Amino acid sequence: MANPVILTVDDDPVVSRAVARDIRRRYGDRYRVLRASSGPEALDALREVKLRGEQVALLLADHRMPEMTGVEFLEAAMDIFPAARRVLLTAYADTDAAIEAINVVDLDHYLLKPWHPPEEKLYPVVDGLLEAWAVTPDAASTEIRVVGHRWSAPSFKVRDFLARNLVPYRWLLADDPEGARLLDAAGATEADVPLVVTAEGKALIAPSEAELAGLAGLTVVPASDFYDLVVIGGGPAGLGSAVYGASEGLRTVLVERRATGGQAGQSSRIENYLGFPDGVSGAQLTDRARRQAVKFGAELLSAREVVGLSEAGGARLLRFGDGTEIAAHTVVLATGVSYRVLDAPGLADFTGRGVFYGSTATEAPSCVDQDVYIVGGANSAGQAAVHFSRYAARVHLLIRGADLTASMSRYLIDQLERIDRITVHPHTAVVGGAGQDHLQRLTLCDTRTGEARSVDTSWLFIFIGAEPRTDWLDGVLVRDGRGFIVTGPDLISGGRRPAGWSLSRDPYHLETSLPGVFAAGDVRAESVKRVASAVGEGAMAVSLVHRYLEAQ
Ligand SMILES: Cc1cc2nc3c(=O)[nH]c(=O)nc-3n(C[C@H](O)[C@H](O)[C@H](O)COP(=O)(O)OP(=O)(O)OC[C@H]3O[C@@H](n4cnc5c(N)ncnc54)[C@H](O)[C@@H]3O)c2cc1C
C-alpha cells in the first residue's frame, strides 16, 4: 500500500518549495509529499490520487492565490477527500478569512507565515493532525479488514462498532474473491463470519465488542482502581464533564459502552450548536471533544458498560458487565437515552438486516439508487432524510401526523421541501415487515382509514424517540416514572429531602439522591434534549463535583 499523501499548495515558488521541504524533512519516510502551484492543479492531483486508490492525510494550502483562494480549494477538496485534515497558510492580514474558514470548510488549523522554526510552529500542529487522521476510516495503511455477509446482523454490528469508534476498516463480502481468500487463510468458512483481520494478520472470528476495541487499540481496562471522577457515558454531556474534569486537575475516567459521541455522534448535521453557523457533523464535533478530553489527560474506556452503582463509605463503586469494579470520590451519570424500538410484526427479525436504528453514516453509502424509508417526524428523522437523499433514489419519510410543523424545526422542514427526492407521507405507520434473509417488504397503513398497502424496500431507518435505560439504577437513585434521573431541587418533596439522604444540606442542582453522584444531559429528568445543554450540564456538573469534594 502506497504511503498516504500530504499535499501542499502555494503559487509562490519560494514559499511552496520551503513548505514542501520542511514537511518532507519530518514526514517524508511515512508520507508522500506532493506540491501544486494553484488550486486547480492541486484538485487535479487529488483526483489522480483518488483514482489510484491512495489516501490523502493532510492538505496545506496558501490562502491568497490568484485563480482560486485557499479556502475555495479546501472546500472543493472536501468533496474528494472529506477525511483529510485541512490547514490554511495565511499572512497576518488574512486571519479574518482563516477564522471564517473554520466554519465554511471545517478548517483544522491556520498557520501564520512564516512558520519558522518548524519544530515549534509547524511540526506540533501537523503531528496532532496526522494523529487525528490516523484514526479515520481513510487511514487505510492501518487497515483492519472485516469479512461478512451483506445481510447479516452480526456483520453489521461489527462494522457499526468500528465506524462509530472511527476505526478504519475495509469491508469485504464473504463471497468476494478477496473475502474468500481471507476466510480460507484464517481456516474459517462463510458460516463463521464476521471475520476480522488486523493489519498484522491476526484473525478473530465473530469477536465481541470488547475484543474489537482491544484489537483497534481502544482502551478497555482502567489504568487505576480509584479516581476522583468517573463519568459514565461518552455523549456530549459525558465528554463535557471529561474535558472540564481532566482540565481542572481531577483524575478522570470516562466509561462508554459503545462509542464516544452518543446520539450526537449519529447526527449527520447539527445546525443549531453555538459557533457553527454552517452546521457541523455530530461525528466531527464529538471526535474533537474526545481528542480534547484525551489531551487534558482524561482516560477513555470503550466497550465497557457500567451495570451497577453502590456506595462504600465515602467512595462510589461502579461495577462493569464482567463483574470488575472501579471506585471514585464522585460520579457523573451521562448515559443519555436510547432509541425506542418500533414494535410491528416481522421487524425485530430484521434488525441490522434492513431495519436500522440510527446508523445513518454506516449504511447510507449502501443505499445508492434505492428506495429508503424513514420513520419519525422529529429533527433526527429530518436530518437522516437529508443525508440519505445524497445517496438514495427516493427517500420516503413516514409520519403519523398530518404534517411536520409540530415536531420538526422550521429550517429542516424548509430543507426537506427543497429536495425533490424526499417525499413526506403523512398519516402513515409501518405495521409489518417481511423478507427472506433480509427485509424486502414493508406493510404501511393509513392511520385515518386503516387501509394497508405493501411496498418493496430493503431499507428502513427508525427514529421514533428515545428512552433512558436506567433500570440498573433501580432502588439506588430516585428516578421519575419514565426512568429519567431526578436531581437537585426536584428531589425535595413537601420540604423533605429524599429518603436516605445523609447530609445536612440540600442536593446541589445536578446532584442525584446519592450525594457525590451527579446527572447531566438527556438522562436527567426535565433536561432540555439538546447538544448544547448536554455539554453545558456536563461542565456544570464538574463545578458541583469540586464543591462536593471541598466540603468532604
Ligand atoms: C440523529 C440525531 C440528531 C440530533 N440532532 C440534534 C441537533 O441537530 N441539535 C441538538 O441540539 N441536538 C440534536 N440531537 C439530540 C442530541 O444528540 C442529544 O440531546 C445529546 O446527544 C444528549 O447528550 P448526552 O451526552 O446526554 O447523551 P447521549 O448522546 O445519549 O450519550 C449517552 C452515552 O452514554 C452511553 N451509555 C449509556 N449507558 C451506559 C452505561 N451503562 N455504561 C456506559 N456507557 C453508557 C451511550 O452508549 C451513549 O454513548 C440529535 C439526536 C439524534 C439521535
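Into which domains is the protein divided? There are domain 1 (5-135), domain 2 (145-216), domain 3 (226-338 + 467-551) and domain 4 (354-464). The model is predicted. The centres of domain 1 and domain 4, taken over C-alpha atoms, are separated by 39 Å. The points below cover spaces between domains, then single residues and the backbone.

**Largest cavity**

- The structure holds 2 cavities of 30 Å³ or more.
- The volume of the largest cavity is about 70 Å³.
- Where does the largest cavity lie? Domain 3 (226-338 + 467-551) and domain 4 (354-464) both give residues to its lining, so the largest cavity lies between them.
- Ser268, Arg269, Glu271, Gln383, Val386, His387, Arg390, Leu412 and Gln415 line the largest cavity.
- Two elements give two or more residues each to this lining: helix H13 (379-388) and helix H14 (410-418).
- H13 gives the most, with 3 residues.
- By class, the lining of the largest cavity has 2 nonpolar, 4 polar and 3 charged residues.

**Second largest pocket**

- The second largest pocket has a volume of about 500 Å³.
- Domain 1 (5-135) and domain 3 (226-338 + 467-551) both contribute residues to its lining, so this pocket lies between them.
- The lining of the second largest pocket comprises 15 residues. Of these, Gly128, Ala132, Arg291, Gln292 and Lys295 lie nearest the centre of the pocket.
- Helix H6 (123-133) and helix H11 (282-295) each supply at least two residues of the lining.
- By class, the lining of the second largest pocket has 6 nonpolar, 3 polar and 6 charged residues.

**Asp446**

- Asp446 lies in strand E22, which covers residues 439-446.
- Its relative accessibility is 21%, so Asp446 counts as partly exposed. The cut-off for buried is under 20%.
- Leaving aside neighbours within four places in sequence, Asp446 is in contact with His427 and Glu451.
- A polar atom of the Asp446 side chain lies 3.3 Å from the backbone nitrogen of Thr449.
- How far apart are Asp446 and Thr95 in space? They are 56 Å apart, C-alpha to C-alpha, and 351 residues apart in sequence.

**Glu537**

- Glu537 lies in helix H15 (residues 531-551).
- Its relative accessibility is 10%, so Glu537 counts as buried.
- Which side chain does a polar contact of 2.9 Å join to that of Glu537? The partner is Arg524.
- Neighbours within four places in sequence set aside, Glu537 is in contact with Leu510, Ala519, Ala520, Gly521, Arg524 and Ser527.

**Ser152**

- Ser152 lies in the loop between strand E6 (144-148) and helix H7 (153-164).
- Is Ser152 buried or exposed? At 10% relative accessibility, Ser152 counts as buried.
- Beyond neighbours within four places in sequence, Ser152 is in contact with Gly352 and Arg353.

**Cis peptide bonds**

- The peptide bond from His116 to Pro117 is cis, with omega near -5°.
- Pro117 is placed in the loop between strand E5 (109-112) and helix H5 (118-121).
- The peptide bond from Val193 to Pro194 is also cis, with omega near 5°.
- Pro194 is placed in the loop between helix H8 (177-185) and strand E8 (195-197).

- Ala303 is not a glycine, yet it has a positive phi of about 55°.
- The loop between strand E12 (299-301) and strand E13 (306-312) holds Ala303.
- Ala303 is buried, with a relative accessible area of 12%.
- Asp369 is not a glycine either, and has a positive phi of about 60°.
- The loop between helix H12 (360-363) and strand E18 (371-375) holds Asp369.
- Asp369 counts as exposed, at 63% relative accessibility, whereas Ala303 is buried.

Methods
Residues are numbered from 1 along each chain as its sequence is written. This is a predicted model: local features need pLDDT of at least 70, side-chain atom pairs count only at pLDDT 80 or more; totals for chains, interfaces and linings use all residues. Side-chain values use heavy atoms; hydrogens and water are left out. Helices (H or I, at least four residues) and strands (E, at least two) are DSSP runs, numbered from the N terminus. Buried means under 20% relative accessible area, exposed over 50%, partly exposed in between (1.4 Å probe, protein chains only). Contact means heavy atoms within 4.5 Å. A polar contact is a pair of N or O atoms within 3.5 Å; within protein, one must be able to donate a hydrogen and the other to accept it, and residues adjacent in sequence count only if both atoms are side-chain atoms. On a 1 Å grid over the protein atoms alone, a cavity is a set of points where a 1.4 Å probe fits but cannot get out, and a pocket is an open set with protein on both sides within 12 Å along at least five of seven lines; lining residues have an atom within 4 Å of a point. Grid points are joined across faces, edges and corners, and a volume is the space filled by probe spheres set on the points. Ala, Val, Leu, Ile, Met, Phe, Trp, Tyr, Cys and Pro count as nonpolar, Asp, Glu, Lys and Arg as charged, and the others, Gly among them, as polar. Domain bounds come from an automatic or database domain assignment.
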